[in-house]
Amino acid sequence: MNRTFPGVLAEICANQGVERFVHVSALDANFDSPSSWARSKAAGEAAVREAFPAATILRPATMFGDEDRFLNRIAKLTQLLPFYPLVDAETTRQQPVYCDDVAAAIMEVVQSSKHQGKTLDLAGPKTYTNREIFDYVFTQIVEPSNAYAVPRSVGFAMASAMSLIPNPWMTLDGVRRTTVDICKPEGTPGFEELGITPTPMEDIADRYLVRFRKTSLFVEDGAVISQEK
């Protein structure tokens, strides 16, 4: 679907004289990626550009927001699994982007013709290692970390096993994606081109990660009190 449908749709729109075509891809779209998903996104970009040269391609980083399958997935799985396998988490980096900022970017390029034919990389304002992202989640849900660095073979094996269940929250291809950086290349156009200031993850995520806490926190006489739910 990622490989063929965008190009087919772009070709139909070009033949029908559609004025603007916006394709939402992914920041890690790359033909050389270890992830088949990321390779398919790169193929979709190429197909769109060939069929509709004036298309605007938006390439968001991993998105966070209330119903995301990113931070919510981490919090959920850390409570379900005896331990969470981390592969290359100390060295791989990413710049998570707020979903509402991506939506604002889509609205901007739809309404303005000056972005036609461009590819824009949409990344958040801060860069984290994958380990730092996990540590942030554990801090927000007030849980001791059960995430441990494991060899790729172990992480891939666990992800393969989880891929067998319906609607899995961890897949082999998803873990493979975590072995490469998902960061905006220096000098490429992005939010600044659109006049948008990206939102830091810390400004938003604590609001919805709180639901994973097993204890509730409240303040009494200036002291923070923890109470089992």
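Aspartate 28 is buried, with a relative accessible area of 7% (buried means under 20% relative accessible area, exposed over 50%, partly exposed in between; 1.4 Å probe, protein chains only). The model is predicted: local features need pLDDT of at least 70, side-chain atom pairs count only at pLDDT 80 or more, and totals for chains, interfaces and linings use all residues. Residues are numbered from 1 along each chain as its sequence is written, and side-chain values use heavy atoms, with hydrogens and water left out.

Aspartate 28 forms a salt bridge with arginine 177, with 2.8 Å between the closest N and O atoms (a salt bridge is a side-chain nitrogen of Lys or Arg within 4 Å of a carboxyl oxygen of Asp or Glu). Aspartate 28 sits in the loop between strand 1 (22–24) and helix 2 (36–51), and arginine 177 in helix 7 (residues 172–177), so the pair ties together parts 149 residues apart in sequence. Helices (H or I, at least four residues) and strands (E, at least two) are DSSP runs, numbered from the N terminus. Arginine 177 is partly exposed, at 21% relative accessibility.

A salt bridge also joins arginine 207 and aspartate 66 (2.3 Å, N to O). Arginine 207 belongs to helix 9 (residues 205–209) and aspartate 66 to the loop between strand 3 (63–64) and helix 3 (71–80), so this pair links parts 141 residues apart in sequence. Arginine 207 is partly exposed at 44%. Aspartate 66 is partly exposed at 34%.

Glutamate 19 and arginine 20 form a salt bridge at 3.3 Å, N to O. Glutamate 19 is exposed at 54%; arginine 20 is partly exposed at 27%. Glu45, Arg59 and Asp121 are linked in a network of salt bridges. The structure holds eleven salt bridges.
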